[in-house]
Amino acid sequence: MHLDDHAASWRDQLIELSLPGVGAVTARVDDGSPAVEASEDEPGFRRREPTVPPARETVRRTLAARPPLELEHTWLVVPALGPVLPVEEGVRLVGDLSGLRPPVEVRGESALPARPSREGAEVGAPIGAPRRRPLSPRWGWFRVPAVAAALRARGGIVGRGALVGPRREWYEPAVATREDLLGAHPDQALESALAAARELGQVAVLRIGPDGLDVHPTGADPRVPVLEGLPLQVTARPAQCPLQGEDGCGPCRPVGGPWIRASQEAQVD
């Protein structure tokens, strides 16, 4: 069956969570294909090249080498990042569901140089523009506290983690809650999680557990497909360096570099 790129992204991503009573886990759709062995470089001295995201085969090989872990309970996972932004040309922007900013403010282009979006700053605001008062966690870009509070208020215990790219080249914070503690019936728990996700402008709720992985759109973004009954691979997560996608004990370096002192300080800032 042919899948568009957006559906494929939900299948390819990793779900990395620290779950109460379970510990740190990594879950992903198990497509059944074996991991491809990467060729090793010839030994010898060479200058360290800039660090880049690991190859997808490296990540898959590392996950395949870990012992499998069976989840006893089903967990509902809610993404926790800010306003929905377009990813393709010609796709209409959904925008921040809070209504605080119209979509044109996000989509519009400016001839002035732009700075990266930060908490409490307009997306694409020109350099030198006056700083705005920081937004509350409910409407800011990093919404983990608000999403966690919304699920906890509905009776669920929460675990935190992230949705991660298949090469660990991006991540989106996420919050998880146990289905059986959120509602007496699975459908009731799902509706409660969907309601919390809609309130905070999130596009989907993921259900992971013994029955596999499901993606349930909230309706905020028409591009998000319904995916049900996908096979799930779950492992414990002992990785010493999540940036590299391997369980080795060597230094854990961020993407980029080589790093000098000034660039290290800028990265910390």
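Biologist: Which residues of helix H2 (residues 56–65) are buried?

Modeller: "Buried" stands for under 20% relative accessible area, with exposed over 50% and partly exposed in between, for a 1.4 Å probe and protein chains only. In helix H2, the residues that count as buried are Thr 58, Val 59, Arg 60, Thr 62 and Leu 63. Helices (H or I, at least four residues) and strands (E, at least two) are DSSP runs, numbered from the N terminus. This is a predicted model, in which local features need pLDDT of at least 70 and side-chain atom pairs count only at pLDDT 80 or more, while totals for chains, interfaces and linings use all residues. Residues are numbered from 1 along each chain as its sequence is written, and side-chain values use heavy atoms, with hydrogens and water left out.

Biologist: Against which strands do the buried residues of H2 pack?

Modeller: Packing is read from contacts, meaning heavy atoms within 4.5 Å. By that reading, the buried residues of H2 pack against strand E1 (14–19), E2 and E9. E2 is itself mostly covered, with 5 of its 7 residues buried.

Biologist: In what order do the strands of the open sheet stand, and how do they pair?

Modeller: Two strands pair if DSSP finds at least two bridges between them. Here 9 strands form an open sheet in the order E8-E7-E6-E3-E5-E4-E1-E2-E9, and their pairing is antiparallel. Strand E8 (227–230) and strand E9 (232–236) are at the edges, and because each has a single partner strand, one side of each is left without a neighbour in the sheet. From one strand to the next, the twist averages 25°, where axes are lines fitted to C-alpha atoms (for helices, over the stretch in contact) and angles run from 0 to 180 degrees between N-to-C directions. Helix H6 (residues 186–199) packs on this sheet, touching strand E3 (75–79), strand E6 (204–209) and strand E7 (212–217), and its direction makes about 145° with that of E6.

Biologist: How many bridges join strand E2 (residues 23–29) to E9?

Modeller: The two strands run antiparallel and are joined by 5 bridges; Arg 28 has Gln 233 of E9 as its bridge partner, and Val 25 has Ala 236 of E9. E1 and E2 also pair in the antiparallel sense, over 5 bridges, with Ala 27 in E2 as the partner of Ile 15. Their hairpin has 3 residues between the strands, and Gly 21 takes a positive phi near 80° there.

Biologist: Where is Arg 168 placed, and what is its phi?

Modeller: Most residues other than glycine have a negative phi. Arg 168, in the loop between strand E4 (158–164) and E5, has a positive phi near 60°. At 11% relative accessibility, Arg 168 counts as buried.

Biologist: Which residues have the most contacts inside the largest nonpolar core?

Modeller: A nonpolar core is a set of buried Ala, Val, Leu, Ile, Met, Phe, Trp, Tyr and Cys residues joined through side-chain atoms within 4.5 Å. The largest has 25 residues, and those with the most contacts inside it are Trp 10, Ile 208 and Leu 213. Two or more residues of this core come from each of E1, E2, E3, strand E5 (171–178), E6, E7, E8 and E9. Not counting residues up to four places away in sequence, the residues that Trp 10 touches include Leu 163, Val 203, Leu 206 and Pro 225. Another core, of 20 residues, lies apart from the largest one and has Val 147, Val 158, Ala 189 and Leu 190 among its members.
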